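Please keep the model open beside the text while reading.

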Amino acid sequence: MIQASGVIICLGYILGLLFSAIPGGGFWIFGLGLIGVILFRRGRNHSRTIPPSKTRGLEKSRHVPSLPRVYPHPRIWLIAGLLGLLASFYLQYRVPQPTTNDVSKSVPPGNNSNQEQLFVVRGTVTSTPRLTRTSKGQFWMEAKQLDEVKNADGGGGKGVSGKLYVTLPLLQATGLYPGQQIAVTGVLYKPKAAANPGAFDFREYLQKEGVFAGLSGRQVNILNEDKKWGWWKFREQIVKSQVSFLGVPEGPLVSAMVLGSKAVDLPYDIRDGFVQVGLAHALAASGFQTSLILGIVLGLTKRATRKTQFTVGCLALLTFLCLTGFQPAVLRAVVMGFAALIALLLGKKVRQLGSLLVAATLLLIFNPLWIWDLGFQLSFLATLGLIVTVPAITTRLGWLPPTIASLISVPLAATIWTLPLQLHVFGVVPSYSLVLNIASTPLISVISIGGFISAIASLIVPGIGSAIAGILHYPTDWLLRLVDFFSNLRGNSFAVGSITVTQMFIIYIILILIWLVRWWQRRWWIGLGIALTLVLIPAWHQANTLFRVTMLAASSEPVLVIQDQGKVTLINSGDEGTGRFTILPFLQQQGVNQIDWAVASDFQGNGSRGWLELLPKLPVKVFYDYAARADNVLTSGVIQKQLQQNQATYQILSVGQSINIGSAILQLVNEQLPILQMRIHDKDWLFVGNLKPTELRQLIKAGNLPRPQVLWCQPRSLKELVPLLQPEVTITTSADIEPNIVSALGDVKTQLLFTGKDGAIQWTPNGQFEAFIQAMENKSSVF
C-alpha cells in the first residue's frame, strides 16, 4: 500500500511538470486528483472482505482475486493532485531569468556578433574549452566586470553577473582551464532563435543553461596562472593517456565511451556518424557505465562485509559522477546505483521500476527544468524500456540462445520506448539502428570495459593506462569501420516527418497498455498497427495534399522549397552550413526523402557548396544547373559524380527555356546574371541575384525585367527595383537597410519581409505570406 501511494505521489509531481506546457496544466492534474478522491472513496466504501468460510477451497483458484481488496486512500490522490499543481508553479519559478546586472543587459540594442563594438569582460572560466564546428574554442565564463574597450585601461568598469557563451580563435582558447581568471576582448551579442522550421534554437539552448548573451572573443588575457585543483585535471589525464597510444579519433572515442561525449572533445564527424546510425547512446555516460562500475566493485569486494561493499560502491559512483560532470543521464544512473547499494546493505531485493521513479522525482525536484531536457527524457525512457519490456521480448525469443536473445531484446526495447520521442523531435528513423546495435554490442562492451580499466590505471600510472588503451585499437577501429559502413549505406535513415505531441501521447498510452494490461499484451500487434497508422497515415496525407512554398532564411541567396502534393523542388543550396543545418533539418521535419527537381542557380557565385551536403543524403531525380557555372570544377567533379551514383538526370538551364517543376514553371531570364522567373499557381515570382550597381542599372535601362507579384532581391537593390516593379510582396535578407532606402520605399505599397529578421517565409495558395519567427512567437505566447 505504501509503495502504491509513493508511485501515485511521484507520478503526480512528474505529470504536473509535464503538463506545465499546457495552459492551466497544473489545475488539470489537480482535477485528476479530485476525480481519484471521488472514485476511490466510493471504492473504499464498497470494498469488503470475503469471510474465510466462503473462500475455503478456493485458495488455489485462479479466478479469485487477492483478498481483501484494498484501494489507495483518497488523501493520497488529493496529495498527488496538489503536488502536480504546485509542480507547475515550481517549474515556472525555476525558469532562469536575467538579474538586474546580468551581462546580457549591457548588449547594445540591435548588436550582433558581426558588429565591432568591442568590450572587455573579466571573469572566471567555468568549463574546459571545446572545439566548435567552425574550428573555434568554446567555453562557459562567469562574468564579473565589463568595460568598453576605450575605457578598459582606465580601470574601474562596472560589475556584472551571469554566465556567457564564449568563443575564441582556437589558439587563444587552447590551455584555458576551469577556475582561471581571464579578460576577454570581443563583441557581446544576444543569441538568436531558430529562423527556420526544424533548425537548432540557439537562444533556447542557452536559456536552458541560464545564459542570455554570447561573447565572440578576439583576444584573451590571463589574469592568474595558478592552477586550482579540479576534477578536470583527472579527466584531462585520462584522455591524454588514452590518446597517446590510440591516437585520434580512436583515443577520444574510447574516452567518450567511458566519460561521455559531453566530458570529452570528440570530433564532430565521429559524433555525427554515431548519431546518424542510432548509436548515440554509446557516447552517453549513463546506465551501462554505472552497472559496469558496480559490477567491478562488487566483484572485487565480494568477500568483504556489506558495509564495506556499500562504502566502496558509493565512493566509486561519486568519483564517476564527478569525472563525467553532473549530466542528467549520469545523475539518473548514479541515483539508481545508490538504490541498488542501499538494497544490498539492507539485504533486500532492489525494485528497479521503483528506483527509476524515485530517481526521476529526486532529480526533478533538484532541477525541474530537466523535464524538458532531451537527454534526460531519452535516458529515462530507454531505462524504462529495459525494465518493463526486455523480459517480455526475451520470453518471446526463448527459442534463441539466451545470449542472442539478450542482444536483440535490449536494443529493441530501448528503441520501442524512445522512438516516439525521437520522431516528435527529429522526424527521422535510423533504418539500420537495430541491426547495428546488435552487431556492435560486443565491441561496445569490450571497449567500455577496457576503457574503464585503462582510465583507472592512467590515474595511477599514466604509462600503464596508455598501454592498456593500446590493446583496444582493433576493437575501436572495427567499431568505427562498422559505423562508417552503415552511415554510407543508401537509405541509412528514413524521414517520416515530425509527429505532433498528441500523436506521441497516444502512442505512449498504447505502450503503457501493452505493458500493464494482459488483454493488450496478448494482442500487442494491434497496438503496433495503431501506432504505425498514427504515424504513417497523417504523414502520407500531408505529403500528398500539401502545397506550400517555403523561402528559407539562408544567408545571401534565395533558398526555395516547393512541396507540391508529394513532389519536392529545391532551388539553390547555399553554402555547406546552409545545406547541413538549414535545408536538411527542414526536409527531415517535413518527411522528405527525395528531391524531384533541384535547381542550382548559384546566386552567391561560390559554387553552391550546400549540394555537397545534400546529394549524399537525399537522391535527386532531375538536376538543373546554371549555364554560367557549368564549367565550375566543383559542379563538373564532385556533384556530377554524386548525381551519377544517384542515377539523376543532369541538364543545363538556358536563357528563355521554360521548365515544368510540378505545378510551377521556371525560366532563366539572363545567362550571365543570376535572374530567375517563376510562375507558382497564380503568382509570378522574380529572383534577382547579387548584382553590382552598374549591372543593375544597365538591366533596368534595357527594360528586360518582368513585373512580378513577389520579388526577391538583395537589400542594396531595393531602392531601384521596388519602385520600378512595384511587387505585392518583397522579400530580402537583412533588415539592416539604409534610412534613405527605407524612405524611398515609403510610397510603394508592398509587403516587405526580411528573412534575417522574420525567419523563413511560407506561403500557400489559399493563405497569406507567414513569417516563421512571428508564428512561433504567437504559438509560444499561448503558453
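1. Helices here are DSSP runs of H or I with at least four residues, and they are numbered from the N terminus. In this predicted model, helix 1 covers residues 2–18, and Leu11 lies within that helix.

2. Leu11 also belongs to a nonpolar surface patch of about 370 Å², which is made by Val7, Leu11, Leu15, Leu18 and Trp372. Leu11 counts as partly exposed because its relative accessibility is 38%, a value that falls between the limits of 20% for buried and 50% for exposed.

3. Turning to the strands, a reader will find an open sheet of 7 strands in the order 16-17-18-19-20-21-22, with mixed pairing. Its edges are strand 16 (658–661) and strand 22 (751–754), each of which pairs on one side only. On average, and with direction ignored, neighbouring strands of this sheet are turned by 20° against each other.

4. Within that sheet, which way do strand 19 and strand 20 run relative to each other, parallel or antiparallel? Strand 19 (residues 683–688) and strand 20 (residues 710–712) run parallel and are joined by 3 bridges. Leu686 has Leu711, in strand 20, as its bridge partner.

5. In one of them, the ring centres of Trp140 and Tyr205 are 6.4 Å apart and the planes stand at 40°, so the pair is tilted. This pair links distant parts of the chain, with Trp140 in strand 3 (residues 136–148) and Tyr205 in helix 6 (residues 202–208), 65 residues apart.

6. Another aromatic pair is formed by Phe623 and Tyr650, which are stacked, at 6.0 Å centre to centre and with 15° between the planes. Because Phe623 lies in strand 14 (residues 620–626) and Tyr650 in strand 15 (residues 649–653), the pair ties together parts that are 27 residues apart in sequence. Phe623 counts as buried, at 0% relative accessibility, while Tyr650 is partly exposed, with a relative accessible area of 27%.

Key: Residues numbered from 1 in each chain as written. Predicted model: local features only at pLDDT ≥ 70, side-chain atom pairs only at ≥ 80, totals over all residues. Heavy atoms only, no water. Patch = residues over 30% accessible without salt bridge, like charges linked within 9 Å, V, L, I, M, F, W, Y side chains within 5 Å. Areas by Shrake-Rupley, 256 points an atom, 1.4 Å probe, with all protein chains shown as cover. Salt bridge = Lys/Arg side-chain N within 4 Å of Asp/Glu carboxyl O. Helix = DSSP H or I, 4+ residues; strand = E, 2+ residues; numbered from the N terminus. Buried < 20%, exposed > 50% of the residue type's maximum accessible area, 1.4 Å probe, protein only. Pairing = 2+ DSSP bridges. Axes fitted to C-alpha atoms, helices over the stretch in contact; angles between N-to-C directions. Phe/Tyr/Trp six-rings, centres within 6.5 Å; stacked < 30°, edge-to-face > 60°.
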